[in-house]
Amino acid sequence: MDDGVRVTDGWVVPAAELRERFSRSSGPGGQGVNTADSRVELSFDLAGSASVPESLRARALDRLAGRLVDGVLTIAASEHRAQLANREAARERLAALLR
């Protein structure tokens, strides 16, 4: 989990550039749903990242403009009951968006 997000063969977003926030997931889920922080918000500062190739930065900022807040892209995942599964889902979505 700490190795970052592989976007392409030549581009990996380092784990140090990612921020994760955990909260309680809404909806059905059983006994532990109200006590487990399984929802994940993964944030990546696209505008300020050193890992984004300069040739892609302007295009990515333009294409993702509707999803950015001050240059930061945030992905939320809460479809799984386990926090680890939601962390993986959020990272996969981030990689897919950046591709």
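User: Which element gives the most to the lining of the largest pocket?
Analyst: Keep in mind that this is a predicted model: local features need pLDDT of at least 70, side-chain atom pairs count only at pLDDT 80 or more, and totals for chains, interfaces and linings use all residues. The lining of the largest pocket is made of Val7, Thr8, Trp11, Leu56, Arg59, Ala60, Arg63, Leu64, Leu97, Leu98 and Arg99. Two or more of the lining residues come from each of β1 (5-8), α1 (54-63) and α2 (83-98). With 4 residues, the element that gives the most is α1.

User: How many of the lining residues of the largest pocket are charged?
Analyst: Ala, Val, Leu, Ile, Met, Phe, Trp, Tyr, Cys and Pro count as nonpolar, Asp, Glu, Lys and Arg as charged, and the others, Gly among them, as polar. The lining has 7 nonpolar residues and 1 polar one, and the number of charged residues is 3.

User: Which residue's backbone oxygen lies 2.8 Å from a polar atom of the arginine 99 side chain?
Analyst: Residues are numbered from 1 along each chain as its sequence is written, and side-chain values use heavy atoms, with hydrogens and water left out. Arginine 99 sits in the segment after α2, and its contacts (heavy atoms within 4.5 Å), leaving aside neighbours within four places in sequence, are Arg6, Val7 and Thr8. The backbone oxygen at 2.8 Å belongs to valine 7.

User: How many helices and strands does the protein chain have?
Analyst: Both are DSSP runs, numbered from the N terminus: helices are H or I with at least four residues, strands are E with at least two. Along the sequence they follow the pattern β-β-β-β-α-β-β-α. The count is 2 helices and 6 strands.

User: What is the order of the 4 strands in the open sheet?
Analyst: Two strands pair if DSSP finds at least two bridges between them. β4 and β6 run antiparallel, joined by 6 bridges, and β5 (residues 68-69) is antiparallel to β6 through 2 bridges. β3 (18-23) and β5 are the edges, each with a single partner strand, so one side of each has no neighbour in the sheet. The order is β3-β4-β6-β5.

User: Which residue in β6 stands opposite phenylalanine 44?
Analyst: Elsewhere in β6, alanine 77 is opposite valine 40. Leucine 68 has leucine 73 as its bridge partner in β6. The residue opposite phenylalanine 44 is also leucine 73.

User: Is isoleucine 75 buried or exposed?
Analyst: Buried means under 20% relative accessible area, exposed over 50%, and partly exposed in between (1.4 Å probe, protein chains only). In strand β6 (residues 72-77), the covered face holds Leu73, Ile75 and Ala77, while Val72, Thr74 and Ala76 are on the uncovered one. Isoleucine 75 has contacts beyond four places in sequence that include Val40, Leu42, Ala90 and Leu97. At 2% relative accessibility, isoleucine 75 counts as buried.

User: Which side chain makes a polar contact with the side chain of serine 43?
Analyst: A polar contact is a pair of N or O atoms within 3.5 Å; within protein, one must be able to donate a hydrogen and the other to accept it, and residues adjacent in sequence count only if both atoms are side-chain atoms. Serine 43 is in strand β4 (residues 39-45), and residues it touches more than four places away in sequence include Glu17, Arg19 and Val72. Its side-chain partner, at 3.1 Å, is threonine 74.

User: What is the phi of aspartate 70?
Analyst: Most residues other than glycine have a negative phi. Aspartate 70 is in the loop between β5 and β6, which form a hairpin with 2 residues between them. Aspartate 70 is exposed, with a relative accessible area of 77%. Although aspartate 70 is not a glycine, its phi is positive, about 55°.

Note on methods
On a 1 Å grid over the protein atoms alone, a cavity is a set of points where a 1.4 Å probe fits but cannot get out, and a pocket is an open set with protein on both sides within 12 Å along at least five of seven lines; lining residues have an atom within 4 Å of a point.
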